[in-house]
2 protein chains.
Amino acid sequence: MNKKCVVLLSGGLDSSTCLAVAKDHGYDCYTLSIDYGQRHRAELRASKNIAEVLSDHPHKVVRINLTAIGGSALTDPDIEVPDYDAEAADIPVTYVPARNTIFLSTALAYAEVVGAEAIFIGVTAVDYSGYPDCRAEYIASFEHMANLATKAGVEGQRLKIITPLIDLNKAQIIELGHALGFDYSLTISCYNADQHGAACGQCDSCHYRREGFAQAGIADPTRYAS
Amino acid sequence: MNKKCVVLLSGGLDSSTCLAVAKDHGYDCYTLSIDYGQRHRAELRASKNIAEVLSDHPHKVVRINLTAIGGSALTDPDIEVPDYDAEAADIPVTYVPARNTIFLSTALAYAEVVGAEAIFIGVTAVDYSGYPDCRAEYIASFEHMANLATKAGVEGQRLKIITPLIDLNKAQIIELGHALGFDYSLTISCYNADQHGAACGQCDSCHYRREGFAQAGIADPTRYAS
C-alpha cells in the first residue's frame, strides 16, 4: 500500500505542480481545497478538474467563511485588488491574514482522519510577494506544532510538511511540472478571473505567471481576457 | 485605549470563564465562535448571549464545515457520542482532529485584523480527557508558529496565547468564574443538548460539569433533561 499524503490544492499553478510532484514521489494523494470566500472562484472549479486527473480519491472542499473576518482584498469586497506594481515593497493587500496557517490546520485534521504521513503545500519563498507564511522557518514551526497537536502525533506517527517548490521561482516550477507531463491549461492563477475562467492579465498573479512561462521558454496555455 | 484580545468562545463553562478572566485583566475583548458542524449547536446560541454581556463588539462566528472531513463523534453523524465511562483511558471519539489548531488559526487571523496582542483560549490540561491539543507544550509551539505566520509578527508585534485555566480543574474554574460574578446559567456544556438547551446529564461533558459544581460547593444552575 502506498504511503498517503494530503495535498492542498488551490487550482493554481503552484499547488497543481505540487500535486504532480507528490504523485511522482509515489504518494497516494488526498486533495483538499479551502473555499474561504475568495474572489477567484474559478480556481475551485479548476481544483476539482485537476484532482480528477491526478488523485484516486474524491476531492474534498472545506468551506471557511473568512469574509466574516475580512482584512484582505481577496475576502473583503470593500478592498480593491490592485494591478501589478513593480515598485510595491510592502506586504500587499491581497495578503489574507493567517491563510496558510488555516489551510495547513485544516489539512492536518484531514491528514489525521485518512492516516496520512505528509502534507504537501506549494509555497515558494522566492517570489512570495512578501507573505510571511511562505518561509521555510514558518513551515518548520508549523510542523513542530502539528506533531504536538494530534492524537496521531501523540501516538508517535510523525507528520511531515513537504514544500517541494519552496526554493523555486515561477519559471523553475513550470519547468518541473512540464517535465512531469502536467497540463497547465487545467490551472488558473488570476485573482480576478471572469466567470468563464479567463484571466485578467493585469494582477500580480497573472504578471508572475506570464513572466514564468516566458522565462521557462514554454508556451503559455492561459486564456487571457486582455 | 485598552489592549485588545480575541477570546475563543464556545458557550461552554471553560471558555466563558476565560472571557470573564480576560475582561477582568482589562482587555478589550473580541469574541469568536467556530461553527464547525458540531452537534451541540445550543452552545453557539449561548456564545452569542454571553458575548452580549461581556464584550463591547459584535460576536463573530466563522463557519468551517469539518463535517466534510469527519473523524469525530462531534462532527460525524455516523459516530455515536458515548456516555461517560470512568474506565475509558484512550483519547475519546469526541476528539475532533486538530480542533484547537483550527480554532487558534482562525483566532490568529481575527487577531491580526483587529490588531489584538493576545488570544485567550480556555483549555485545561487537568481534566482534558486525553486531548493532545490542550497541553502547555502544544500551546507554546502554537505561539511560536503564530509569531512567524503573520504580517503583524513580521513587523514585530508579539502575539501571546493566554490559557488562564490550563492548571485548573473544573471545580477551580467554577470557583474562579463565580468569584468574578459570572452567571453560569448562561453557559451550556453538553454534547447532546436538546433544542431547548437542556443538558443530557449523561455525556462526559455533563459528568465533569456536575462534578465540578459539587466539588466547588456552588449550586449548579444547569437545566438537565434527565
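Colleague: Which residues of helix 4 of chain B are buried?

Modeller: The model is a predicted one. A residue counts as buried if 20 or more other C-beta atoms lie within 10 Å of its own. In helix 4 of chain B, the buried residues are Tyr138(B), Ile139(B), Ser141(B), Phe142(B), Glu143(B), Met145(B), Ala146(B), Asn147(B) and Ala149(B).

Colleague: What covers the buried residues of helix 4 of chain B?

Modeller: The cover includes elements from chain B itself, namely helix 3 (99–114), helix 5 (151–154) and strand 5 (160–162). From chain A, it includes helix 3 and helix 4.

Colleague: How far apart are the end C-alpha atoms of helix 4 of chain B?

Modeller: This helix has 14 residues, 136–149. At 1.5 Å a residue they should span 20 Å, and the model agrees, with the end C-alpha atoms apart by 20 Å.

Colleague: Which element of chain A gives the most to the side that touches chain B?

Modeller: The contact takes 38 residues from chain A and 38 residues from chain B. On the side of chain A, the elements giving two or more residues are strand 3 (60–63), helix 3 (99–114), helix 4 (136–149) and helix 5 (151–154). The one that gives the most, with nine residues, is helix 3 of chain A.

Notes
Residues numbered from 1 in each chain as written. Chains lettered and ligands numbered in written order. Predicted model: local features only at pLDDT ≥ 70, side-chain atom pairs only at ≥ 80, totals over all residues. Contact = placed C-beta atoms within 7 Å. Helix = DSSP H or I, 4+ residues; strand = E, 2+ residues; numbered from the N terminus. Expected span 1.5 Å × (residues − 1). Buried ≥ 20, exposed ≤ 12 C-beta atoms within 10 Å, placed from the backbone.
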